[in-house]
Amino acid sequence: MAKIINSQEFDNTIESGVVVVDFFATWCGPCKMLSPVIDELSRELENVNFVKVDIDQSMDLAQKFKIVSVPTLKVFKNGEEVDTLMGFMPKEVLKSKVEAHI
């Protein structure tokens, strides 16, 4: 299951390896649909770290990364943002997009 992180944990979390950050909100329907997909992929892709950021709890991160709609996934590689994926997507589509950065 993807860990929910806050602003203080963010920089340390993304600094090494491939990290997928799911920017979500508890009230967001598509976010709830995407959550089990993220959990499955976190088990399948062991060399990728999946984490979540609640935009209502970490508004500073939402503003920093210009999150205008949720769910928005940002892929980081060694601290650098390498991809942005918006909205719900099927598991296989998301998996192939993430694997492109491994």
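Contact here means heavy atoms within 4.5 Å, and buried means under 20% relative accessible area, with exposed over 50% and partly exposed in between (1.4 Å probe, protein chains only). Keep in mind that this is a predicted model, where local features need pLDDT of at least 70, side-chain atom pairs count only at pLDDT 80 or more, and totals for chains, interfaces and linings use all residues. Residues are numbered from 1 along each chain as its sequence is written, and side-chain values use heavy atoms, with hydrogens and water left out.

**Helix 4**
- The buried residues of helix 4 (residues 91-99) are Lys-91, Leu-94, Lys-95 and Val-98.
- They sit on the same side of helix 4, because they cover an arc of only 100° around the axis (the arc is that of the directions from the helix axis to the C-beta atoms).
- Helices (H or I, at least four residues) and strands (E, at least two) are DSSP runs, numbered from the N terminus.

**Aromatic rings**
- Searching the whole structure turns up four aromatic pairs; rings of Phe, Tyr and Trp (its six-membered ring) pair if their centres lie within 6.5 Å, and planes under 30 degrees apart count as stacked, over 60 as edge-to-face and the rest as tilted.
- Phe-10 and Phe-76 have ring centres 5.7 Å apart and planes at 85°, so this pair is edge-to-face.
- That pair links distant parts of the chain, with Phe-10 in helix 1 (residues 7-14) and Phe-76 in strand 4, 66 residues apart; both are buried.
- Phe-23 and Phe-65 have ring centres 5.9 Å apart and planes at 45°, so this pair is tilted.
- Phe-23 lies in strand 2 and Phe-65 in the loop between helix 3 (59-64) and strand 4, 42 residues apart.
- Phe-10, Phe-23, Phe-65 and Phe-76 make up one aromatic cluster.

**Nonpolar cores**
- The largest nonpolar core has 19 residues, and Phe-10, Val-21 and Phe-23 have the most contacts inside it (a core is a set of buried Ala, Val, Leu, Ile, Met, Phe, Trp, Tyr and Cys residues joined through side-chain atoms within 4.5 Å).
- Helix 1, strand 2, strand 3 and helix 3 each give two or more residues to this core, and strand 2 supplies the largest share, four residues.
- A second, separate core of 16 residues includes Val-20, Phe-50, Leu-73 and Val-75.
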